Amino acid sequence: MLLRYPLFVALSVILAAPLAAQKGDRAGEVQDPPPTHIKVPPAPALSVEEAMKTFKVAPGFHLEVVAAEPLVHDPIAMMFGPDGRLWVLEMRGYMPDIDAKGENEPVGSIAVLEDTDGDGRMDKRTVFLDKLVMPRAFSLVDDGVLVAEPPHLWFARDKNGDGVADEKTEIATDYGNTTNPEHNSNGLMWAMDNWIYSANHSVRFHYGGGGKFSRDLTVSRGQWGISQDDVGRIYYNSNSDPLRVDAVPSAYLKRNPNFTATGSNVSVVPANLRVWPGRVTTGINRGYKSLDEEGKMFAVTAACGPVIYRGTLFPKEFLGDAFVCEPSGNLIKRIAIEARDGTVKGRNAYEGTEFITSTDERFRPVNLVNGPDGALYIVDLYRGVLQHRTYVTSYLRKQVEERALEQPRGLGRIYRIAPDNAPKAVFKSGLATATPEDLVKRLADENGWVRDTAQRLLVERRDAGVASALRAFAASSHNPLGRVHALWTLDGLGALDKAGVLRSLDDLDPRVVTVAVRLAEKFLTPKPDAEILARVTARTGASDASVRLQAAFTLGEVRTPAADAALRMLAINNPGQPFLIDAVVSGLGGREGAFITGLASETKNTATAPALAVAQATSAVLKSGEAARIDQVLALAGDATTPAWARGAVLDGVQGFLPKSPDGQVLLGSLPAEPKALVTLAAQKDSAEAPRATKLLASLKWPGKPGMAESKAEPFTPAQQALFEKGRAQFAAVCAACHQPTGLGLAGLAPPLVNSKWALGDERVLARIVLNGKAQENLIMPPMRAFDDETLAGVLTFVRRSWGHEAAAVAPKIIADARAAVAGRDEPWTEADLAELQQALAPARRTRKR
């Protein structure tokens with residue numbers, strides 16, 4: 001006891017405070033200053049007129065000042081209203097100094113800017129809402145504004161018409177956290193499907209009118225900023241990853257709990273896509289290891305605020321391209337986008353330069369938006385200190401101090417990007433005063449901002465009388481995108497009709513047909529309309545890959561023999577189409593066995609065999625844990641009448657079922673009972689599949705398996721069993737939505753817990769993870785410290801003794817000790833942090849064992 005107490009105190013001090021001089025420092029890293037041959041220029045704060053001289057813009061374009069201090073301060077997001085006013089979110093409390101002292105003061109605000117004289121520059125400011133603590137996002141909705149002030153999501157309204165909010169209703173209490181601004185919920189984009197999506201948040205919201213919102217679980221996307229393209233695909237990024245996309249509607253990906261489908265969080269470009277700043281960038285956080293010989297960054301470190309250009313001012317070749325902010329590199333990157341065969345790929349639009357660069361270190365573009373005039377707009381946070389204190393390194397602190405980057409604060413600019421021959425900015429679109437009939441016509445506007453805003457206004461107003469005009473427009477608009485928006489608007493109003501859907505399913509444009517197939521689900525569940533089902537089924541033979549992919553998703557919702565037969569034909573005819581097999585298997589929950597049997601009997605030609613579909617469906621059956629279903633599928637591998645390709649594919653599925661350690665090592669897979677069919681196959685010496693079956697059996701375990709060592713798990717005490725049962729209930733209520741009831745996780749939302757090294761490792765490390773959360777690539781696990789010690793101990797005990805796990809129970813005292821040790825830590829753990837933590841805790845564990 002005399003030895004253990006001082007060691008515990010020492011560890012508590014170590015783990016509660018940074019392991020080095022700054023929170024961002026990593027043990028063992030040498031933070032050398034920039035080489036002496038790199039000449040770093042001073043970085044004084046410039047007036048907006050001086051700053052304009054520092055820009056290099058792509059040929060044929062120029063920048064215009066729309067607003068600057070003192071009209072705007074510390075802007076991080078903006079949105080044009082339908083009346084032409086510019087709404088700006090100001091996070092004025094962010095990093096008052098390098099230590100963030102006073103950061104939580106209520107000084108944030110939403111300002112409304114107006115151009116009263118029509119010269120293209122804002123000249124009037126009204127504060128709609130103030131006294132906000134570190135606000136992160138906002139969105140204009142109906143007669144109010146959704147405002148994110150983590151962890152609160154408010155709906156603020158101006159009830160008396162004076163331009164200032166006088167009512168604030170709480171919509172959610174779990175919108176982000178109060179500890180880490182760099183990894184926090186934001187975005188609030190009203191998307192084409194009439195749901196409001198966020199970056200860095202796993203809930204989407206739906207506006208039902210009258211200030212009421214509903215919510216639904218979704219995948220977590222990116223880090224800061226969110227955008228959509230002309231067909232509603234959602235784009236986002238993270239600091240070190242320039243651009244990702246939901247290549248498919250993510251709501252479908254969670255419908256089969258035993259199958260992790262892909263299609264969300266798909267890379268558009270490599271994470272290490274080359275960047276070319278216009279100045280040396282020694283002032284980035286880890287500049288001691290991420291600069292080239294010239295002292296410039298070569299890959300993104302602060303990518304954020306992506307936007308898909310959907311306007312009318314730029315040349316046509318820019319339409320659909322992505323523009324990405326890189327504030328640490330003082331630049332804006334253009335990524336040329338190509339969408340083909342249901343996939344999205346990108347490349348650098350320029351080599352050796354960027355769309356916009358600046359030699360001003362304080363130019364901090366953090367967001368981009370399409371405007372009502374067809375131009376692009378830049379939100380410039382304009383400041384010296386960009387990195388939050390949570391991650392500041394000693395190297396960066398010295399850079400900040402050497403160039404006096406802490407001050408001044410409270411500046412900010414809004415810029416307009418326009419072609420050289422463009423007319424001056426006109427912010428008023430006429431939408432605010434448009435009649436419902438006029439709004440319907442504007443759904444066909446060439447400018448994506450106008451189409452989106454017209455759709456939103458129509459859905460918000462909920463005027464049932466406009467339905468007939470929308471139906472006619474969906475059938476006759478000259479612009480296919482107008483027909484797309486009309487369909488989504490009808491859906492938002494609950495006014496879709498059978499005749500209209502049937503007509504749109506026959507549209508000549510595949511973008512319209514794809515939306516019609518998706519919206520046809522309103523008539524296919526719970527009881528399918530035969531005529532619409534037949535028309536959707538016919539679209540499985542479409543020449544366009546996006547139509548076929550959506551047909552696969554939609555038919556998976558129907559769950560009838562006829563629909564499943566159509567899914568089999570999709571798999572047979574398109575075995576190599578990206579995401580299609582995932583779409584098919586994701587819709588088969590509980591029906592995989594019949595699907596596999598059908599494929600095996602319907603496909604004799606090895607050249608067109610849908611082997612991947614059979615393998616993935618087989619893996620899903622094994623993950624179900626249902627012995628009868630497992631035996632039914634495995635029996636196909638030993639049946640001589642099963643085609644050879646299908647027998648091999650079933651065994652591929654068994655191989656795919658086997659879990660792997662983080663380093664790729666294959667682990668034992670757990671089955672609920674002896675796989676008799678596989679045992680029988682292994683004993684068939686004349687079977688070509690017998691050797692492989694024998695090898696797979698060695699990688700499987702089940703109760704009573706001969707030669708298998710008895711479980712090493714210590715039996716639970718009555719108290720531990722009670723803790724386990726409490727944890728089971730809590731896991732189902734809180735954790736299963738993301739990690740799934742099977743513990744297999746969900747792509748783009750939560751990693752698997754099954755055989756997780758952290759879930760089954762040192763319980764003290766695990767306790768710290770649940771208390772502070774964990775950052776992994778583009779996923780952020782939120783902190784769970786709001787739950788009491790016993791609740792968290794119960795959840796962890798359940799995880800460590802479920803799905804074949806045999807790890808020890810976690811006592812509430814473990815949580816209590818961890819809570820005390822990390823009381824001073826705000827940020828989530830990273831892999832590097834946890835590696836250091838394990839090393840720090842190891843001596844204590846060895847001492848206890850002695």
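Start by selecting Glu90, which is buried, with a relative accessible area of 0% (buried means under 20% relative accessible area, with a 1.4 Å probe and protein chains only). Before going further: this is a predicted model, where local features need pLDDT of at least 70, side-chain atom pairs count only at pLDDT 80 or more, and totals for chains, interfaces and linings use all residues. Residues are numbered from 1 along each chain as its sequence is written, and side-chain values use heavy atoms, leaving out hydrogens and water.

Glu90 sits in strand β4 (residues 86–90); strands here are DSSP runs of E, at least two residues, and helices are runs of H or I, at least four, numbered from the N terminus. Now show what surrounds Glu90: setting aside residues up to four places away in sequence, it touches Leu71, Val72, His73, Asp74, Pro75, Gly108, Ser109, Ala111, Arg125 and Pro135 (contact is heavy atoms within 4.5 Å). Pick out Arg125 from that group, since its side chain and that of Glu90 are joined by a polar contact of 2.8 Å (a pair of N or O atoms within 3.5 Å, one able to donate a hydrogen and the other to accept it).

Next stop, the nonpolar core. Select Ile110, Phe323 and Phe355, which touch the most other members of the largest core, a set of 201 residues (buried Ala, Val, Leu, Ile, Met, Phe, Trp, Tyr and Cys joined through side-chain atoms within 4.5 Å). Apart from that one lies another core of 20 residues, including Trp829 and Leu837. Back at Phe355, contacts beyond four places in sequence include Lys56, Phe61, Arg334 and Ile417.

Of its 37 lining residues, select Met78, Met79, Met189, Ile226 and Val369, which lie nearest its centre. Helix α5 gives the largest share of that lining, six residues.

Finish at the open antiparallel sheet, in the order β15-β16-β17-β18 (strands pair if DSSP finds at least two bridges between them). Its edge strands are β15 (227–228) and β18 (266–267). Zoom in on Gln228, whose bridge partner in β16 is Ile234.

Definitions and conventions:
Buried < 20%, exposed > 50% of the residue type's maximum accessible area, 1.4 Å probe, protein only. 1 Å grid on protein atoms, 1.4 Å probe; cavity = no way out; pocket = protein on both sides within 12 Å on 5 of 7 lines; lining within 4 Å.
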